[in-house]
Amino acid sequence: ILKRDKLNEILNKFINFYFLKKVDITESHTTKEDLEFTNYDYENYLKYILDKAQIEEKKPFIIVFDNLDRVDNETVLNTLSLIQLTNEILEKSKFKEIYFIIPIDKERLEKTVKTIITDNNDNEEKKFAKDFLEKIFPYKVNVPDIKHSNWRKFFVNKLKEAFGSSINEYDIFYIRRIFEKSINESKEKNLTPREIKNFINSLAENYIYWKKSENQPDIKLQALYVSLNNHFANFKNYIEYIENKNKNKNNLDSIHQIVDITKEEFTDSKIKEAILKQYYKVEEIYFLFVDSAVQAIGNEEIEKLKDIVNLFDDKNKVDLLLNEIWEQRDDFKKDINSLIKFYKALKEIDFYDKYREKIIINSLRENIEDIESLSKLEEYNIKELIEILNSDNELKNLFIEKFVEIIITTIPEDEN
């Protein structure tokens, strides 16, 4: 390429004039207006550029259009039209050694070209795309797919570049397995150097975010989260599945296969906890389940409550969840029927003994002493109340005393 600085100066002026007259700042790409700019105008301007650049007639000059597969279909088609027009102009000029190189995914290009016609016949669309591309691209070079080269070595080298000594060989092997399985199962992504870089960049960004956390997720579980988040459009459905908002496992088989890799080293609850923690960017996930646990207790949905509890590998975190519920919800303290529901829930998840004195006995005593509260006791809760009273004679005697007061209070009304 001759006189590069001078050529760049001229080309920049042309590009700024022709393509960047109108820029929509709300979009990530640039669009051009319909200018009154004819093919004849373009031909003259191109010749002017070539003359000013002082390109020698017999010296090869190469123009590369890169990243076309990152822009919208309209921009791709406009670029192809521009290339075709330039070819036609050059054929009539003295410049015979000017070449265009367009590195782009062939399938992506064919899909774009098919949008030109509205024929529903797939064979016609394929023929049109083939003829169109053969006309514009007389020479084609197929770059070998990365699957046929040593992509694993490339992956490992890039991972080491990003993490240095902070990652060991076992973790590298583990992360590569997760990535490979994720790409193979994904319908949205292909194995390319760019996708490898995107994954590693996302993993590094996620790692930096959690680096200062006292409860930093294991790097392998970070790789799992990044893979699922980057490679699967239905990842949000999997989050809902974990949270039990959506019991339906349909279309989640591919994700489950990737998660299964991490089950070789981590428990199911540890994996789910790590995924939720990274998805919501929270130090502790029990905060996320306070409302759903309260609802499960209130509706006596014991299985739903057990599913929530089973998300926590550390039972101390179940304690934190139960304490948060108790502190936030006064109805469990002040309403005798809600309190007994809380008792039922604690018993079902094997946490009653721990909370017996702290919560149930003391709060129940307050509700029994309040005749108004005691009088609201529902019949369906009497069986559980008797269970509690039989375990504490003092509380049992208090109940009998207060219950007699209620009866005495209501007798005159009945006699009248």
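This note goes through a predicted model point by point, from overall confidence to single residues.

1. Confidence. The mean pLDDT of the chain is 80, and 83% of the residues reach 70 or more. Helix α9 (residues 219-231) has the highest confidence, with a mean of 95, while helix α1 (residues 4-18) has the lowest, with a mean of 50. Over residues 14-35 pLDDT stays under 50, although the model has 27 contacts beyond four places in sequence for this stretch. Where pLDDT is low, the predicted coordinates should not be read in detail. I would keep that in mind for residues 14-35, where pLDDT is under 50.

2. Overall make-up. The secondary structure consists of 21 helices and 2 strands. The chain has 416 residues, of which 40% count as buried. Among the contacts with a separation of 6 or more, 68% are between residues 24 or more positions apart.

3. Nonpolar cores. In soluble globular proteins, nonpolar side chains tend to be buried together. Here the largest nonpolar core has 85 residues, and within this core L228 and Y238 touch the most other members. Beyond its neighbours within four places in sequence, L228 contacts F235, Y238, I255, I258, V259 and I275. There is also a second, separate core of 21 residues, with L82, F100, A129 and L133 among its members.

4. Aromatic pairs. How many aromatic pairs does the model contain? The count is 18. One of them joins W151 and F179, a tilted pair with 6.1 Å between the centres and 55° between the planes. W151 belongs to helix α6 (residues 151-163) and F179 to helix α7 (residues 169-185), so this pair ties together parts of the chain 28 residues apart in sequence. W151 and F179 are both buried.

5. The next ring along. F179 also pairs with F199, again in a tilted arrangement, at 5.0 Å centre to centre and with 45° between the planes. F199 is in helix α8 (residues 193-210), 20 residues from F179 in helix α7, and the pair links these distant parts of the chain. F179 counts as buried because its relative accessibility is 0%. F199 is likewise buried because its relative accessibility is 0%. Taken together, W151, F155, F179 and F199 make up one aromatic cluster.

6. Charges over a ring. Which residues lie over the face of Y174? One is R177, at 5.8 Å from the ring centre. Another is K220, also at 5.8 Å from the ring centre of Y174.

7. D319 is found in helix α15, which spans residues 315-328. Is D319 buried or exposed? D319 is buried, because its relative accessible area is 8%, and the cut-off for buried is under 20%. Leaving out residues up to four places away in sequence, D319 touches F351, K354 and Y355.

8. E214 sits in the loop between α8 and α9. E214 counts as exposed because its relative accessibility is 80%, where the cut-off for exposed is over 50%. Between E214 and E283 the C-alpha to C-alpha distance is 8.4 Å, with 69 residues separating them in sequence.

9. Positive phi values. Most residues other than glycine have a negative phi. K281 has a positive phi, near 55°. K281 is located in the loop between α12 (268-280) and α13 (290-298). With a relative accessible area of 35%, K281 is partly exposed. E300 has a positive phi as well, near 55°. The position of E300 is in the loop between α13 and α14 (302-309). E300 counts as partly exposed because its relative accessibility is 35%, which falls between the cut-offs of 20% and 50%.

Notes
Residues are numbered from 1 along each chain as its sequence is written. Side-chain values use heavy atoms; hydrogens and water are left out. Helices (H or I, at least four residues) and strands (E, at least two) are DSSP runs, numbered from the N terminus. Buried means under 20% relative accessible area, exposed over 50%, partly exposed in between (1.4 Å probe, protein chains only). Contact means heavy atoms within 4.5 Å. Rings of Phe, Tyr and Trp (its six-membered ring) pair if their centres lie within 6.5 Å; planes under 30 degrees apart count as stacked, over 60 as edge-to-face and the rest as tilted. A charge sits over a ring if NZ of Lys or CZ of Arg is within 6 Å of the ring centre and within 35 degrees of the ring normal. pLDDT is the predictor's confidence in each residue, from 0 to 100. A nonpolar core is a set of buried Ala, Val, Leu, Ile, Met, Phe, Trp, Tyr and Cys residues joined through side-chain atoms within 4.5 Å.
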